[in-house]
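My notebook is open and I am ready to look things up. Here is the model I worked from, friend, and my entries follow.

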Amino acid sequence: MPKLKIVPSILSANQDRLQEEINEIEDYSDLLQVDVMDNKFVPNITPQAELLKKFNTKVPLDIHLMVKEPSNEYIETFINSNKKLKINNITVHYEACRNLKKTLEFIKKNNIKAAVAINPKTPLDAIKDILDKVEMVLIMTVEPGFSGQKFIESCMSKVKELRELRPNLDIEVDGGVNDKTAPLAVKAGANVLVVSSFIFKSKDKVKAIKDILKSVKQNV
Ligand code: DX5
């Protein structure tokens, strides 16, 4: 299995002191997730590409587009928004893209890793034919839209099956990940853990990250 990665999602960070909150956790983060919502694919909205103008970080970004039919032009606005930032991957949803292959190819053409996400109710079968086209798969463990929801443990069967199919693929989980649920995800085969409220709602954010790593080490 590839290396374990901790990916704080800035969705539940204090947006008024976003830069300070990012500074606090930077040294303990492998990637930083930026959640983008359009109030169409999900019932919530965030700033779009201008989000990337609100902070700087040395940590490469994981951009999770919870957006219906993201066009090439739309994706380009993220790529061009803040040239000081490094974008590691752009993740699009299977459920939101009519021409998923073309969207993934466009992301890769820009030298950015392409990832696909599936919602809790979407079966793994839906994306089996495009596994060779992606560098990461995100198995959502909550319905996308809001942080602070409960981890849906039944999604672990998809993680297990995918890990058996692709021993070296980055498999990401997102939603309800904390020091109790992280070991369940890693045991199933996930190696990229997105965590928002457990980190950003903690008094000591670095301790929250260390607690997750400790719990994984002790329980997996
Ligand atoms: C859910 C987002 C998640 C969310 C996770 O729609 O994609 O990244 O912020 O939040 P927690 O970790 O609080 O469940």
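**Ground rules.** When I name a helix (DSSP H or I, at least four residues) or a strand (DSSP E, at least two residues), I mean a DSSP run, numbered from the N terminus. I am working with a predicted model, in which local features need pLDDT of at least 70, side-chain atom pairs count only at pLDDT 80 or more, and totals for chains, interfaces and linings use all residues. Residues are numbered from 1 along each chain as its sequence is written, and side-chain values use heavy atoms, with hydrogens and water left out.

**Entry: helix H4.** I began with leucine 162, which I found in helix H4, residues 156-165. Is leucine 162 buried or exposed? I call a residue buried under 20% relative accessible area, exposed over 50%, and partly exposed in between, using a 1.4 Å probe and protein chains only. Leucine 162 counts as buried because its relative accessible area is 0%.

**Entry: the ligand.** Next I turned to what surrounds the ligand. I found 19 residues around it, the closest being Gly145, Asp174, Gly176, Ser196 and Ser197; a residue is near a molecule if one of its heavy atoms lies within 4 Å of it. Sorted by class, this shell holds seven nonpolar, ten polar and two charged residues. For that sorting, Ala, Val, Leu, Ile, Met, Phe, Trp, Tyr, Cys and Pro are nonpolar, Asp, Glu, Lys and Arg are charged, and the others, Gly among them, are polar. I noted that strands E2 (32-37), E3 (61-66) and E8 (192-195) each give at least two residues to the shell.

Which polar atoms lie 2.7 Å and 2.8 Å from a ligand oxygen? I traced the 2.7 Å distance to a polar backbone atom of glycine 176, and the 2.8 Å distance to a backbone N or O atom of glycine 148. Histidine 64 places a side-chain N or O atom 3.4 Å from an oxygen atom of the ligand. My cut-off for a polar contact is a pair of N or O atoms within 3.5 Å; within protein, one must be able to donate a hydrogen and the other to accept it, and residues adjacent in sequence count only if both atoms are side-chain atoms. On its own the ligand has 380 Å² of accessible area, and the protein covers 100% of it (Shrake-Rupley method, 1.4 Å probe).

**Entry: aspartate 174.** Aspartate 174 belongs to strand E7, residues 170-174. Leucine 11 is 163 residues away in sequence, yet the two C-alpha atoms are 12 Å apart.

Entry: Asparagine 82 sits in the loop between helix H2 (72-81) and strand E4 (87-93). With 14% relative accessibility, it is buried. I found a polar atom of its side chain 3.3 Å from the backbone oxygen of phenylalanine 55.

Asparagine 39, in the loop between E2 and E3, has a positive phi of about 65 degrees although it is not a glycine. It is partly exposed, at 47%. Asparagine 111 also has a positive phi, near 60 degrees, and lies in the loop between helix H3 (100-109) and strand E5 (113-118). I list asparagine 111 as exposed because its relative accessibility is 73%.

**Entry: alanine 49.** Where is alanine 49? I found it in the loop between E2 and E3, buried at 9% relative accessible area.
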